[in-house]
Amino acid sequence: MVHKRGSLQRRITIAVMLGMSIILLSLGIVSYFIIHKNIEDSMNEKLALARVIRSNIDNTIKDNLNRLYDISLSGSVNLADKDLTSEREALSIAYKYSIFTDGIFLLDKMGNVILNYPEKMKDSNLNLLAIEPIGRMLVTGKPVVSNVYIDETGQRKVLFVLVPLKDKNGNNVGVAGGEIDPTNPYLLNMLKKY
């Protein structure tokens, strides 16, 4: 009888342990799928947010490309005359309503700085053709939004947004460009609106 009682206890213990193991295994599997689903949902939400941010940044860049095109469309660009008053006014207006935190500039077909706003490049003999995105814009004649470019001193990061500069007859006479400091707090605050 003692032997039967010990055997019965062992069977009960094994049955209870087996039942507990099945319950724990089931809870583990359910937990795994719930956690996996939560991670997947979280990633999908972050991806959706990233798409919205990208779309807003794309729209902001497009709007500011149009600001540069407006310089040509103003009909005031005439680099042949020596009077740059109307060009300076067009740059001033475009700068005030743009994200070009580091300024706007006009270049001739050879990459020489004709005018910039606000005036920071005083050297009228400055040539920017060696800067890869500017050289590419002058060669292709197509708008360019550069990657982050580090200037020669390695002190400043900048994004270039460049469009063909046309005169009132529609002839390509150079480049209208804007510079964006990607670390500028003003730009970061502007993008936070989106």
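The model is predicted, so local features need a pLDDT of at least 70 and side-chain atom pairs count only at pLDDT 80 or more, while totals for chains, interfaces and linings use all residues. Residues are numbered from 1 along each chain as its sequence is written, and side-chain values use heavy atoms, with hydrogens and water left out.

The protein chain contains 4 helices and 6 strands. Helices (H or I, at least four residues) and strands (E, at least two) are DSSP runs, numbered from the N terminus. Along the sequence, these elements follow the pattern α-α-β-β-α-β-β-β-β-α. Of the 194 residues in the protein chain, 32% are buried, where buried means under 20% relative accessible area, exposed means over 50%, and partly exposed lies in between (1.4 Å probe, protein chains only). The protein chain exposes about 13000 Å², and carbon and sulfur atoms supply 60% of this area; accessible areas come from the Shrake-Rupley method with a 1.4 Å probe, and for residues only the protein chains shown count as cover. Among contacts (heavy atoms within 4.5 Å) with a separation of 6 or more, 50% join residues 24 or more positions apart.

Strand 6 (residues 172-180) is largely enclosed by the rest of the structure, because 8 of its 9 residues are buried. Two strands pair if DSSP finds at least two bridges between them. Strand 6 runs antiparallel to strand 1, with 6 bridges joining them, and also runs antiparallel to strand 5 (residues 157-166), with 8 bridges. Ala176 in strand 6 is the bridge partner of Leu106 and also of Val163. The hairpin of strand 5 and strand 6 has 5 residues between the strands, and Gly170 in this hairpin takes a positive phi near 85°.

Asp108 lies in strand 1 (residues 103-108). Asp108 counts as buried because its relative accessibility is 17%. The side chain of Asp108 makes polar contacts with two backbone nitrogens, that of Gly111 at 3.0 Å and that of Asn112 at 2.9 Å. A polar contact is a pair of N or O atoms within 3.5 Å; within protein, one must be able to donate a hydrogen and the other to accept it, and residues adjacent in sequence count only if both atoms are side-chain atoms. Apart from its neighbours within four places in sequence, Asp108 is in contact with Ile114, Leu138, Val173 and Gly174.
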